[in-house]
Amino acid sequence: MRPQRTITALTMVAALCAAGCSTRGDSPGRGDSEPGEKAAATAGTVVASGDFGDLKNVCGPGDPSGSPAQGVTGKEIHVGVMSDVGLSKNTEFGDAAKAFTSWCNEAGGINGRKIVPTVRDTRMLEVRQRVDEACRADFALVGGGAGLDGLGVKDRLSCLLPDFPAQTVQHVNEGSELQLSIQAGGPSYFRYAGFYDWLIKEAYPHSADAVGIISGDSPVTRTSLDQRTEYFKARHVKLAYSDLYPTSGVTNWTPYAQAIKDKKVKGLVFMGDFTSLAKLEQELTAMNYKLDWIDANSNAYGPAFLELAGPRVLAAQNNLADVSGIHPMEKASSSPATQQVLDLFDRYAHGAKVTLPAVKAFSAWLLFAKSATACGEKLTRRCVHDAARKETAWTGGGIQAPVNVSVQDSPVKCMNIEKATPDGWQPADFAPNRGAYRCGIASYRFTGDYGEPGTLASVGKSLAELK
């Protein structure tokens, strides 16, 4: 395989991984800026206090001294931010780090210590190398994610490095020890059971006799494909169509669209990049074939998919996405915390697009900062870990539905669903019962073997060794 084709394939794998296993928004299209730099203030009223949403004194001044842990000095706290930016060119995690730390440091830092983030560019395949670097220099990993995050789990656990990820992807990393995740759901449960139950039982029950799945042909998405297949079979849903498309790209989507039409698919699960989805839907619409619903996945939640698909497709096809209990950004006026995120980005990372993963990263930063502040001057990894574990209803100050951080393996309790329209993304009619969310939703526990999350015992360590 020629080098150029390899790069193309890896880029597609990155997009597929993000779409099939986690959530990623459209790339802001900017070079990765240095997160530690203080951005010039722009329009918007943002007070440099340490309060965020309904969280009080997240950041603030102090007079610390000493170096109680690796990466902590009398003046600074060094943390790592995992990112595939070198390959994906997606700067969202670096942008979130810049916006949060600039605000927090201006408010006084963590009890007087300034946060110094370092974006650790995995370039998709260099996860272990970046984790090893973080193990030698960082106090913790915060607000990041990598497509092949499972590659670095053993190294991270071996050096007892806490992780506050914006998102997790591979099964060995999801719910691994020393991980303090703001993401709802655990590795034993299907994260989208509530969403799919709503689709096939409540909103579009006739679609249950003809559901289709199309996914990029990548080892990264294969597990997610198998999990969805297991779920649908357990729900007695007829899978009328299942296909893979090459990660190197598709030049002609007509055969795929024709197959979907021939199989009379009513509901389609799409696991891939939103550029490919837009092209597929253009072909389906040209054939005058309209599905009951399309799971566009949260990868499509952003302006780029709307622009690529175009008004005709958006009017014809019913694109829906489960956005994982994150308050919809287009409804920020009804969520002071979400509006505060937008304002802080505008001030400290002006020009950066606020994507769904960036908002999740912000929540991860807030969890880290609140936990670290609670530890006082004697900041240690064990203290910040234990403080975060005490959060049983974490909302990031109001930017997401409650998540119990004290439990690493539990079903998703709340969901919210977005619909793509010619006028933009809007909340779907999914009968929310708790503000922007629907809680008390269905759950599904896997019966198949998809691997186990990484443990300290697997690398000869124990929680008692975390200092």
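**Ground rules**

I am working on a predicted model, where local features need pLDDT of at least 70, side-chain atom pairs count only at pLDDT 80 or more, and totals for chains, interfaces and linings use all residues. I number residues from 1 along each chain as its sequence is written, and side-chain values use heavy atoms, with hydrogens and water left out.

**Overview**

I find 13 helices and 13 strands in the protein chain; both are DSSP runs numbered from the N terminus, helices being H or I of at least four residues and strands E of at least two. I then checked burial: 60% of the 467 residues are buried (under 20% relative accessible area; exposed is over 50% and partly exposed in between, with a 1.4 Å probe and protein chains only). For contacts (heavy atoms within 4.5 Å) between residues at least 6 apart in sequence, I note that 76% join residues at least 24 apart.

**Disulfides**

I see four disulfides in the structure, each a pair of cysteine sulfur atoms within 2.5 Å. Counting bonded cysteines along the chain, I get the pattern 1-2, 3-4, 5-6, 7-8.

Back to my opening pair: Cys 135 and Cys 159 have an S to S distance of 2.0 Å. Cys 135 sits in helix 4 (residues 127–137) and Cys 159 in the loop between helix 5 (153–158) and strand 4 (163–164), so the link ties together parts that are 24 residues apart in sequence. I also looked up Cys 135 itself, which is buried at a relative accessible area of 14%.

Next I went to Cys 375 and Cys 383, whose sulfur atoms are 2.1 Å apart in a disulfide. I read -110° about the S-S bond here, a left-handed link. Cys 375 is buried at 11%, whereas Cys 383 counts as partly exposed at 26% relative accessibility.

Then I took Cys 414 and Cys 439, joined with an S to S distance of 2.0 Å. Their link is right-handed, with 110° about the S-S bond. It connects distant parts of the chain: I place Cys 414 in strand 10 (residues 414–415) and Cys 439 in strand 13 (residues 438–439), 25 residues apart. Cys 414 is buried at 8%, and Cys 439 is buried too, at 15%.

**Helix 12 and helix 13**

How do these two helices cross, left-handed or right-handed? I find that the crossing is right-handed (the near helix is turned clockwise from the far one by less than a right angle). In helix 12, I see Leu 367, Phe 368, Ser 371 and Ala 372 meeting Val 384, Ala 387 and Ala 388 of helix 13. I sorted the residues of this contact into six nonpolar, one polar and no charged (nonpolar: Ala, Val, Leu, Ile, Met, Phe, Trp, Tyr, Cys and Pro; charged: Asp, Glu, Lys and Arg; polar: the others, Gly among them).

**Cores**

I looked for nonpolar cores, sets of buried Ala, Val, Leu, Ile, Met, Phe, Trp, Tyr and Cys residues joined through side-chain atoms within 4.5 Å. The largest has 87 residues, and Phe 368 is one of those touching the most other members. I note that helix 12 gives this core its largest share, 12 residues. Leaving aside neighbours within four places in sequence, I find Phe 368 in contact with residues including Ile 77, Phe 139 and Val 384.
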